[in-house]
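Have the sequence and the 3D view open as you read.

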Amino acid sequence: MHHKLAILLFLTLSIFWTNPFYGKPIEGLYFSDRQTTENGYLVLGIEIFSEKGKSFYNAQELRYKKTFGWEEVLFVGKMTKEGSNWILIPEACQIRAKTVWDAKFALLRRFDCDHLAFLLSKNEKDQWVISESLLGTEKNLPFRFHLDHIPGNPVAVKIPDSPEVTEGFWGFHLNGLGGKSPAKIWNPSKGNWEPFSGFKPNQELQFYQWKRTFSN
């Protein structure tokens with residue numbers, strides 16, 4: 001009897017271990033690569049978290065245009081499971097902008113977006129792919145980077161060297177940092193956060209985490 005129960009338990013656990021949609025929670029922070037566009041570039045990040053058994057997301061898209069400056073597109077909404085995929089439904093959307101990188105983003109406009117829907121699915125590289133960027137510029141955009149993340153913690157991506165940007169930091173929950181250095185840096189090869197020991201030359205995106213010292 002005990003032998004049969006052990007086999008049953010092993011088979012049950014095997015399903016969770018081998019199925020990519022079990023044992024791998026979708027929660028976390030995701031970023032695309034920097035995507036070159038006709039007039040500049042864009043980077044898309046999405047923070048996914050759960051509350052009371054339901055899934056939600058914050059999505060942020062940084063857009064640079066040589067003739068305009070920077071836009072930050074912000075979507076927040078809910079997620080529903082559809083087979084092995086997820087459907088993202090925005091509930092509130094806004095665009096903020098600035099012409100000088102060191103300035104603060106100013107609200108440009110809010111708009112209705114609850115009629116939109118985005119599909120999140122896996123590609124052959126086991127990366128989550130969103131059906132399109134927030135304003136539809138890029139189609140089937142993969143999230144190359146998946147970071148372990150606690151919702152609300154400040155995380156910034158350092159954009160690869162660009163003459164338009166002095167420092168190049170942009171990301172989630174960055175208010176109130178007070179000029180403090182990051183606490184950790186993301187090691188993409190190991191897939192974990194490591195103690196911060198100085199900024200690294202960035203040929204590609206680099207991710208930094210600060211201690212949360214504020215409420216938002």
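## The disulfide

C93 and C113 are joined by a disulfide, with 2.0 Å from S to S. The term stands for a pair of cysteine sulfur atoms within 2.5 Å, and by that rule the count comes to 1 disulfide. In general, a disulfide is a covalent bond between the sulfur atoms of two cysteines. The link of C93 and C113 is right-handed, with 95 degrees about the S-S bond. This pair links distant parts of the chain: C93 is in strand β6 (residues 85-98), while C113 is in the loop between β7 (106-111) and β8 (118-122), 20 residues apart. Strands here are DSSP runs of E with at least two residues, numbered from the N terminus.

Are C93 and C113 buried or exposed? Both are buried, where buried means under 20% relative accessible area, exposed means over 50%, and partly exposed is in between (1.4 Å probe, protein chains only).

A quick note on the ground rules: this is a predicted model, so local features need pLDDT of at least 70, side-chain atom pairs count only at pLDDT 80 or more, and totals for chains, interfaces and linings use all residues. Residues are numbered from 1 along each chain as its sequence is written, and side-chain values use heavy atoms, with hydrogens and water left out.

To count as paired, two strands need at least two bridges found by DSSP. Strand β14 (residues 184-187) pairs with strand β15 (residues 192-195) in the antiparallel sense over 4 bridges. W186 has W193 as its bridge partner in β15, and I185 stands opposite E194 in β15. The hairpin of β14 and β15 has 4 residues between the strands, and G191 takes a positive phi near 70 degrees there.

β14 also pairs with strand β16 (residues 206-209), again antiparallel, over 2 bridges. I185 has Y208 as its bridge partner in β16.

## Rings and charges

Rings of Phe, Tyr and Trp (its six-membered ring) pair if their centres lie within 6.5 Å; planes under 30 degrees apart count as stacked, over 60 as edge-to-face and the rest as tilted. That rule gives 18 aromatic pairs. Here are two of them:

| Pair | Centre to centre | Angle between planes | Type |
|---|---|---|---|
| Y64 and W70 | 4.9 Å | 40 degrees | tilted |
| F196 and F199 | 4.9 Å | 65 degrees | edge-to-face |

Y64 counts as buried at 10% relative accessibility, and W70 does too, at 3%. F199 is partly exposed, with a relative accessible area of 43%.

Which residues do ring pairs link into a cluster? They are F31, F145, W170, F172 and F207.

Some rings have a charge over them, meaning NZ of Lys or CZ of Arg is within 6 Å of the ring centre and within 35 degrees of the ring normal. K98 lies over the face of F105, at 4.3 Å from the ring centre. K158 lies over the face of F169, at 5.9 Å from the ring centre.
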